[in-house]
Amino acid sequence: MKDETVISVSNLTKNFDDLIAVDNINLQIQKGESFALLGPDGSGKTTTMRLLCGILTPNSGNIIINDIDISKHSEKSRQQIGYMPQRFSLYENLSILQNINFFSDLYSVDKKTRKKRIDEYLEFSRLTPFGKRLARQLSGGMRQKLALICSIIHNPPILLLDEPTTGVDPVSRRDFWKILHRLLANGVTLVISTPYMDEAERCNRIGLMHRGKILLVNTPNELKKQTTGKVIEIKCSEPHIVSKLLKKDKSVISVQTFSDKIRVLLEDKVELLDVVSTIELKGVNIIDIREVLPNLEDIFITKLAK
Amino acid sequence: MRTILHIVKKEFLQVARDRAFLPLLFLAPILQSMLFGYTVATDVKNISTAVLDQDKTQDSRKFTESFSNSGYFHLKYYLQSDSEIENLLDSGKVKLVINVPKGFSRSLKRSEPTNIQVIVDGSNSNTANVILGYTTNISQRTSLKIIVEQLKNAKTRIPSVDSRFRAWYNPELRSVNFIVPGIICTVIAIVTTMLTSAAIVREREKGTLEQLMVSPIKPYQLILGKVLPFLLVGFVDAVVVLLVCMFWFKVPIHGSIALLLFLAIIFLSNTLGMGILISTVSRTQQQAMMTTLFLMIPWIILSGFIFPIENMPMAIQLITYLIPLRYFLIIIRDIVLKGVGLSVFWPQVAALVILGTVILTLSISRFHKRLE
């Protein structure tokens, strides 16, 4: 089961008129892994997802899913893929059950299996009491869970989720991931796109995406180790003055100001003492200053800064 | 086939959810039939008329009476002076003023050419023309009577051509018989085009189309599934209008109703195709509705539904050949009024089949392109 490539993307490019949305990306995704495409809005995540599920045709390059070239035979791979678009796209004037039944019909899920799966998924996502409720009356989190159920009702071995938990409350997000972990345990391959670091960290591997390119791919831990900068947190009496001051410094990559502290990403060569003296020269009193472990966000910022 | 039925089933579930839709489905055709049946009637009756009789003789009275006897005119006002005329016409209280000048009777008796003045409200040229026709007819009959009497006195035999008039297909010349069956066309065209385009655009607008596209459903199954429910809606509407036509307006149907309903399905392939076509150029449901209206108004005006195509300028007449409504109107009127069959209107049926094929092919290929 290990190292069996289910999705193989090579030299994939897609442009809309002048805009290059996906720029020559290469990607191998193994069976049973969870893969996160992490990137800011407009980085090409959604376009990549839509290319993967065959809604869009690439300008060049190809996508092989389970040995099928989907640009040539997209319909053959459809039973293999479950896709959940970024926008809620179910029938708002149908009930939860009517929506699920409709998609079961489309994927020709037979009656017996269907009943078992519907009961199980509804139970697991705590939607059972709302079976007859119209989709338009559901909360954001419930909608996403319903959309997920509809896209996995045919038991696809590959699941593509485009920003599945954007705008979802934390409780529903946890429910949502509970379902995903269960699917992963059953050997499903999961690809999600997300702008959230914490969500990406739940996956086996992360691909950092920016301006249509995949900058690097690695496990969350490796990514953290790979960081080239140094991160310090400063507590001081005048955080805003300090943050302004540091932003002018050339060796500072980024400054984030919180209510009680400042998080500064520095080039490796900078010494902690240099920073201390810069701040104290301004007459600001430092309460605490220390080097901390970089998180994914810092890595992302260092990669983008290059 | 199963997949198509799944879509159809879903479409009906959605429609059933929309409470306002079902009554609309039946009310729209009934309302349209009533509106057109009662208002578009081009028969002109009970024309309100004023008489200014300056002669005040037996002859002049007899002449004005012949107007009220005809049944077309309602002599409402008897005037004393011509200063009253303007006010009556301006206020729209009368459509026609008959002015019999002093010396009418004397002039007649002397066998001199005798004039009367007829003033008609020409603001609606159609009605004015009809009124003038009736008036001319009555004056001519009066003069004919006088001539015949004088010739009789002279004991001469007179040659005459007397045209006996009989209207075939619609002996009483009821405009309802002509207009109401045509409503089958307009109702079907408006309702099905609008619903089809809106239903397809809705899938795109709500993003559900994307979800359908990743499923194993094929584009032709999707289109058929979306369109079949509206084929049924159009068919039901045709039946409703036909029933109103037969039982409310008592329009006799001389031909085969089965043939009419069958050809309605061929006509529906045209309007449903238009619906798909509109859906491919519209991004929102509102846009689809506006486009449908924008298209339907010229369709109806140029179809010959109310205004005869023969009266249109040549260039516009050529355009009407591209309008499916035109052909189905001829077919319906042929069936309802004349009771003739395919042997007469096969060219119209052929035109509908050809236009339908073109529209459907074009719209489906555009639909495919938009999917990508």
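# Briefing on a two-chain predicted model

Chain B holds 14 helices and four strands, where helices (H or I, at least four residues) and strands (E, at least two) are DSSP runs numbered from the N terminus. Its radius of gyration is 28 Å, well over the 21 Å that the globule rule gives for 372 residues, so chain B is more spread out than a compact globule. That radius is taken over C-alpha atoms, and the globule rule is 2.2 Å times the number of residues to the power 0.38.

This is a predicted model, in which local features need pLDDT of at least 70 and side-chain atom pairs count only at pLDDT 80 or more, while totals for chains, interfaces and linings use all residues. Residues are numbered from 1 along each chain as its sequence is written, and chains are lettered from A and ligands numbered from 1 in the order in which they are written.

**Chain B as a whole**

- Taken along the principal axes, the C-alpha atoms of chain B fill a box of roughly 95 × 45 × 40 Å.
- Of its 372 residues, 35% count as buried. A residue is buried if 20 or more other C-beta atoms lie within 10 Å of its own, exposed if 12 or fewer, and partly exposed in between, with C-beta atoms placed from the backbone.
- Among contacts in chain B between residues at least 6 apart in sequence, 79% join residues at least 24 apart. Two residues are in contact if their C-beta atoms, placed from the backbone, lie within 7 Å.

**Where the chains meet**

- On the chain B side, 18 residues are in contact with 22 residues of chain A.
- Helix H1 (2-17) and helix H8 (208-213) of chain B are the elements that give two or more residues to this side. The largest share, six residues, comes from H1(B).
- By class, the chain B side has five nonpolar, seven polar and six charged residues. Here Ala, Val, Leu, Ile, Met, Phe, Trp, Tyr, Cys and Pro count as nonpolar, Asp, Glu, Lys and Arg as charged, and the others, Gly among them, as polar.

**Nonpolar cores**

- The largest nonpolar core has 130 residues, and A:Leu146, A:Leu160 and B:Ile188 have the most contacts inside it. Such a core is a set of buried Ala, Val, Leu, Ile, Met, Phe, Trp, Tyr and Cys residues joined through C-beta atoms within 7 Å.
- Helix H7 (residues 175-205) of chain B gives the largest share of this core, 18 residues.
- Another core, of 18 residues, lies apart from it and includes B:Val51, B:Val94, B:Val120 and B:Ile131.
- Leaving out residues up to four places away in sequence, B:Ile188 touches B:Gly234, B:Asp237, B:Ala238, B:Ala264, B:Phe267, B:Leu268 and B:Thr271.

**A four-stranded sheet in chain A**

- Four strands of chain A form an open sheet in the order S12-S13-S11-S14, with antiparallel pairing. Two strands pair if DSSP finds at least two bridges between them.
- Strand S12 (252-257) and strand S14 (286-292) of chain A stand at the edges with a single partner strand each, so one side of each is left without a neighbour in the sheet.
- Neighbouring strands of this sheet are turned by 20° against each other on average, direction ignored. Axes are lines fitted to C-alpha atoms, for helices over the stretch in contact, and angles run from 0 to 180 degrees between N-to-C directions.
- Strand S11 (residues 230-236) of chain A is joined to S14(A) by six bridges, and the two run antiparallel. A:Val231 stands opposite A:Val292 in S14(A).
- Helix H8 (residues 239-248) of chain A lies across S11, S12 and strand S13 (262-266) of chain A, at about 160° to S12(A).
- Helix H9 (residues 272-281) of chain A packs on the sheet and touches S11 and S14 of chain A, its direction making about 155° with that of S14(A).
- Of the seven residues of S14(A), the number buried is zero, so S14(A) lies largely in the open.

**Single residues in chain A**

- A:Asn11, in strand S1 (residues 5-16) of chain A, has a positive phi near 45°. With 11 C-beta neighbours inside 10 Å, A:Asn11 counts as exposed.
- A:Asp67 lies in the loop between strand S4 (60-65) and strand S5 (68-69) of chain A, and its phi is near 65°. A:Asp67 is exposed, with 9 other C-beta atoms within 10 Å.
- Most residues other than glycine have a negative phi.
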